[in-house]
Structures are given as C-alpha cells and as structure tokens.
Amino acid sequence: MIYSNNKHYYSLSEYYKNKYNKKIAKVALNANFTCPNKDGSKGFGGCSYCSSLGSGDMAGDINKSLKEQFFDIAKIMDNKWPNCYYIPYLQANSNTYKPLKDLKNIYEDILNFSNKIVSLAIATRSDCLDFEKIEYLGELNKKIPIQIELGLQTISETTAKKINRCSTIEDFILKVKLLRAKNIEVVVHIINGLPYETKEMMIDNIKFLNNLDIQGIKIHSLLILKNTKLYLDYLNENFKILSLEEYVDIICDQIGFLNENIVIHRLAADASFDTLVTPLWTRKKFVVMNEIDKELRKRNIFQGDYLK
C-alpha cells in the first residue's frame, strides 16, 4: 500500500483523509465511569498500570460537564486546525460500564454537542459489553459511525494475571465478533514492555490480532506512573524497562507483521510529567515518532511486509 503522507504504515491521519476528506480532531472526554476490576465486581485497584484517572489523564476536566469539556478542547483544536471536524472520545476507564439507559443518555447527548461531529469513539473492556448494549450500539452505528476501543494489552494469560486485567481472551474474541457483526469499527489497545514479556511475545500480540476482524490498533510503551500498583511492583522487582532503541526496534518489526489494512492509531504514549516515573524518553513523543519513521526508512520496512 502506498501512503500519501510518506509514512511506512497506515496512519490515522491517512485513514481520516481517505474517509472524511477533512481534518478530524479527536476530543478526549472523561465521563466519570469506573471499571469492574476497580469496584469489586471482578477485582480491586484496576489494572496495575492504570492511573487514578483510569488512563484518562489527557482527557477533559472531570470537574466539568461533558459539554464544557468538549467545547474547551474543541476551542483549542479550532485554533490549531481551523474548520476541523470532531470525534468525541470517551477515554477514561470503561465507558460502557453503566446501565444501558444511562449510556443512551450520555452518548446521544454528546452527539448533539455540534453538527461537526462525524463519529463517536468509546474506550471500554470486552467484559463491559453485553448483547443488549452491542445491539444498541449497532443501531446507533446506523446513524453515525461508532468506534469501540477495546483494551487487550497482551495475549499472555500470565501477564494478564500479573497486571490484574481480570478479563479473558475468549470474551475479547467473542465481543470483537459481535461488534463486527453490527459493522462497528474495533480498535485494540496493546502495550509493549509489560513485565517480563519478550520481543517475541509482543510480536505474537500482532499475529494474534491479524486473525481477528479489527480495523485499528493502538500500541504504546509501558509507563510506570506514581501511585499505581505497577509502580510498587517495579520498586520491589526492578523488572526491565524498554529503552528507546529497544522500543523502536520492536515497533518496526510489529509494523512489518501487521496486516496492511489495520489502521495504526497510536505508536507512542502520553503521560503527565508529574506522574511519570519511567521511561523518561516517552516525554519526547515527537522524538519517538521520528525515530520510528527513521528506522522504518532505514530498514525499508512497510506495514505488512513480513506477511508477503
């Protein structure tokens, strides 16, 4: 596949350009959801790497209404990209983990914020999606494109237990199939550098996802954040943290193994400077992305090359 932006992979900006033919800005919101492995229904404390804001540290201000959050961020986006269109993104915690009637009110209210909204992105877990919710999302998807982001992180059951994921691969596979039966786009999150995982295990995550009908992927490095269970594990065990060079090497090979039709939504992580313990190289996201692009060009690797 040839990419118009000189990337060696199918980037999100390329996908938006092809689909909407206009600049798209994703507006990250915090609707104050929780998770089943936080509230005790499956576990306590959440995934061990997860911040107190449920990985929504870069989302809107939780002390404001969703509408206020949306327009605060939209204003910033408009200053950066005049006349852009929006995708509201429910980012923090598991954003299908409420009764269906509450979800309907939240989602449909958001979609009325602006006539420049082209889609709705919802981050959640597979075990927070039941048949009734998927049926509703399928109906909503007929009115405006819905994108469901599912946290997988790893296919290793040993690692999943270590990070307190509290959800199964079998349930993940089932929910992907059910969502796709409703023609809903699925984007999957994975993390490189989880405790004691090898490069081969991280590449196996990609090979596994190639066999599922997913439309997008988000990959980032493990972040050790203050006030998390993982931080305590790191202090006690001092497990290996990927260097920038190791991370770039792994990402380039993952891109080589990734099905060329899967859109890459993210290749680098964001974290607040105040909470990030390590790896500190992740603070320079622009540098990380440049190093990935440079190494792909150096190796002459394009997305999916290793599958040919």
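What volume does the second largest cavity have? These exercises use a predicted model, in which local features need pLDDT of at least 70, side-chain atom pairs count only at pLDDT 80 or more, and totals for chains, interfaces and linings use all residues. Residues are numbered from 1 along each chain as its sequence is written, and side-chain values use heavy atoms, with hydrogens and water left out.

**Exercise 1.** Find the volume of the second largest cavity, and sort the residues of its lining by class.

*Solution.* A cavity is a set of points on a 1 Å grid over the protein atoms alone where a 1.4 Å probe fits but cannot get out, and lining residues have an atom within 4 Å of a point. Its volume is the space filled by probe spheres set on the points, which are joined across faces, edges and corners. With these terms, the second largest cavity comes to about 30 Å³. Around this cavity stand N192, G193, S221, L222, I241, L242, P279 and W281. For the sorting, Ala, Val, Leu, Ile, Met, Phe, Trp, Tyr, Cys and Pro count as nonpolar, Asp, Glu, Lys and Arg as charged, and the others, Gly among them, as polar. The lining then has 5 nonpolar, 3 polar and no charged residues.

**Exercise 2.** Determine which element gives the largest share of the lining of the largest cavity.

*Solution.* The largest cavity has a volume of about 40 Å³, and its lining includes Y15, K19, Y20 and I146. Helices (H or I, at least four residues) and strands (E, at least two) are DSSP runs, numbered from the N terminus. Both α1 (12-20) and β4 (146-153) supply at least two residues of this lining, and the largest share, 3 residues, comes from α1.

**Exercise 3.** Describe how helix α7 (residues 199-210) packs with helix α9 (residues 244-257).

*Solution.* Axes are lines fitted to C-alpha atoms, for helices over the stretch in contact, and angles run from 0 to 180 degrees between N-to-C directions. The axes of α7 and α9 cross at roughly 25 degrees and come within 9 Å. Angles under 35 degrees count as roughly parallel, and α7 and α9 are therefore roughly parallel to each other. Next, contact means heavy atoms within 4.5 Å; on the α7 side the contact is made by K199, M202, I203, I206, K207 and N210, and on the α9 side by D249, I250, D253, Q254 and F257. By class, this contact has 5 nonpolar, 2 polar and 4 charged residues.

Technical notes:
1 Å grid on protein atoms, 1.4 Å probe; cavity = no way out; pocket = protein on both sides within 12 Å on 5 of 7 lines; lining within 4 Å. Parallel < 35°, antiparallel > 145°, perpendicular 65-115°, else oblique.
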